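Have the viewer ready and follow along residue by residue.

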Amino acid sequence: MNLRDRYDSATAGLDAPFAIVDLPALRANAADLVRRAAGKPIRVASKSVRCRAILAEVLAMDGFAGIMAFTLPEALWLACEGVSDDILVAYPTADRSALRELAADEHAASVITLMVDSVDHLDLVERHSAGRQIRVCIDVDASYRVLNGMLQIGPRRSPLHSPEQVRDFAETVLKRPGLRLVGLMAYEGQIAGVGDAVPGQAAKSRVIRAMQKRSRLELARRRAAIVRAVRDLTDLEFVNGGGTGSVEATVREKAVTEVAAGSGLYQPHLFDYYSNFSGRPAALFALPVVRRPGPGVVTCLGGGYLASGTADSLRLPRPHLPTGLSYNSLEGAGEVQTPLHGDAADLLSIGDRVWFRHTKAGELCERFAELHLIEDDRITATVPTYRGEGKTFL
């Protein structure tokens with residue numbers, strides 16, 4: 001039975017639109033991430049999963065340890081629900097009520113680590129800590145700077161870039177008794193989040209690979225120097241780096257003790273263009289065919305689930321099954337309807353499903369309240385997403 005028939009058979013009793021997770025594909029992707037991590041633990045990036053049941057399933061697998069949450073309220077909820085006893089909040093917080101809640105909860109304060117990169121963060125955390133010592137991690141800028149810093153390639157995150165800047169900031173943290181410095185993090189988005197094998201763009205792909213090679217060498221040297229400088233001041237529980245696209249390169253750095261990954265579990269289509277790994281699409285959504293405007297055209301209900309980031313065609317969800325469908329460039333994916341063109345359209349009838357993949361992993365779960373988990377040709381469970389549990393965390 002081919003994939004489309006398997007999915008259609010498993011979900012025959014459901015009315016689209018809905019979302020699924022193919023559990024064998026998810027487990028295969030997880031196993032491949034563990035293989036690529038070569039023995040170093042993988043911290044699961046929850047923003048790429050956004051489903052408590054899936055997080056729990058992945059964390060039960062060998063090779064995964066801890067969660068990288070995207071907000072403090074999310075981390076508090078996950079800690080309360082017992083999903084993990086090691087939660088790193090990936091981004092600094094300015095949520096005063098959540099900080100007060102953290103300080104008031106002895107268990108949460110013992111398992112949650114906050115991200116900081118400025119004195120303003122330290123002041124804000126201490127102002128609402130009510131005398132409780134709070135665990136913190138320093139976010140280090142991992143971008144690649146060329147032309148004496150005139151050009152920065154990679155995410156603009158932390159202002160802390162050099163070993164000297166990080167050491168000075170670590171000294172500032174250590175002078176504050178209300179804070180406990182436990183880790184360092186550096187996310188190399190220009191490597192982990194940029195595909196280097198873009199179809200039909202061989203020259204661009206070569207440029208990306210050259211940039212990434214130089215960036216990896218520069219960051220490995222700089223990160224090692226940063227870790228040495230901070231370890232001279234204090235012990236660290238962890239040094240986090242990487243992402244789905246750079247796992248095998250990042251774990252080769254002795255200074256790194258763990259890597260983060262999440263998108264590779266679902267394998268959204270943004271991650272199809274990497275030369276170092278390939279995954280199986282595990283998270284998909286189905287839209288019903290509601291119109292046949294003419295030969296070679298069908299219209300699906302809804303579908304305008306655009307991904308965050310730069311406003312380009314890559315942010316559109318991708319028609320996956322049946323193969324051979326594409327957008328009309330003048331319409332794209334719409335709020336209430338999505339026209340699709342191609343020979344495959346003539347094989348579809350009103351009520352048939354078209355299966356799509358989202359550009360990004362976790363953002364799919366912002367559109368659906370539940371995920372139907374599929375094994376073989378049947379649904380084995382239906383579980384709520386964060387949205388289905390009434391949690392948005394933004």
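Start with the largest nonpolar core, which has 94 residues. Those with the most contacts inside it are Ile54, Phe64, Leu72, Ile112, Leu114, Tyr266 and Leu371. Keep in mind that you're looking at a predicted model. As for the general background, nonpolar side chains tend to be buried together in soluble globular proteins.

Phe18 is a handy way in. Phe18 sits in strand β1 and counts as buried because its relative accessible area is 4%, under the 20% cut-off. Which residues does Phe18 touch, not counting those up to four places away in sequence? The answer is Thr11, Leu284, Phe285, Ala286, Arg353, Trp355, Phe368 and His372. For a sense of how the chain comes back on itself here, take Phe18 and Leu287: they are 269 residues apart in sequence, yet their C-alpha atoms are 7.3 Å apart in space.

Now click on Arg357, in strand β17. Is Arg357 buried or exposed? With 5% relative accessibility, Arg357 counts as buried. Its side chain reaches the backbone oxygen of Gln267 at 2.9 Å. Neighbours within four places in sequence aside, Arg357 is in contact with Gln267, Pro268, His269, Asp272, Pro281, Leu284, Phe285, Pro317, Arg318 and His320.

Gln267 itself deserves a look at its backbone. Gln267 lies in the loop between α12 (263-266) and β12 (283-294), and is buried, with a relative accessible area of 2%. Its phi is positive, about 55°, although Gln267 is not a glycine. Ala38 has a positive phi too, near 50°. Ala38 is found in the loop between α2 and β2, but there the setting is exposed, with a relative accessible area of 62%. Why point these out? Most residues other than glycine have a negative phi, and most peptide bonds are trans.

The one from Ala16 to Pro17 is cis, with omega near 10°, and Pro17 is placed in the loop between α1 and β1. A cis peptide bond also joins Leu321 and Pro322, with omega about 0°.

Next, the charges. How many salt bridges does a search of the whole structure find? It finds 23. Take Asp22 and Arg6, whose side chains meet in a salt bridge at 2.5 Å, N to O. This pair links distant parts of the chain, with Asp22 in strand β1 (residues 18-22) and Arg6 in helix α1 (residues 3-10), 16 residues apart. Asp22 is buried at 1% relative accessibility, and Arg6 is buried too, at 12%.

The side chains of Glu57 and Arg27 meet in another salt bridge, 3.0 Å from N to O. Glu57 lies in helix α3 (residues 52-59) and Arg27 in helix α2 (residues 23-37), so this pair ties together parts that are 30 residues apart in sequence. Glu57 is partly exposed at 24%, as is Arg27 at 33%.

Arg50 pairs with Glu366, the closest N and O atoms being 3.0 Å apart. Here the partners are 316 residues apart: Arg50 is in the loop between β2 (42-45) and α3, and Glu366 in the loop between β17 (353-357) and β18 (370-375). Arg50 is buried at 9%, whereas Glu366 is partly exposed at 27%. Salt bridges that share partners also join Arg27, Glu57 and Glu375 into one network.

Finish on the surface. Leu147, Met150 and Leu151 make a nonpolar patch of about 360 Å². Met150 is placed in the loop between β7 (144-146) and β8 (151-153) and is exposed, with a relative accessible area of 73%.

Note on methods: Residues are numbered from 1 along each chain as its sequence is written. This is a predicted model: local features need pLDDT of at least 70, side-chain atom pairs count only at pLDDT 80 or more; totals for chains, interfaces and linings use all residues. Side-chain values use heavy atoms; hydrogens and water are left out. Patches are made of residues with over 30% relative accessible area and no salt bridge: like charges are joined within 9 Å, nonpolar side chains (Val, Leu, Ile, Met, Phe, Trp, Tyr) within 5 Å. Accessible areas come from the Shrake-Rupley method with a 1.4 Å probe; for residues, only the protein chains shown count as cover. A salt bridge is a side-chain nitrogen of Lys or Arg within 4 Å of a carboxyl oxygen of Asp or Glu. Helices (H or I, at least four residues) and strands (E, at least two) are DSSP runs, numbered from the N terminus. Buried means under 20% relative accessible area, exposed over 50%, partly exposed in between (1.4 Å probe, protein chains only). A nonpolar core is a set of buried Ala, Val, Leu, Ile, Met, Phe, Trp, Tyr and Cys residues joined through side-chain atoms within 4.5 Å. A polar contact is a pair of N or O atoms within 3.5 Å; within protein, one must be able to donate a hydrogen and the other to accept it, and residues adjacent in sequence count only if both atoms are side-chain atoms. Contact means heavy atoms within 4.5 Å.
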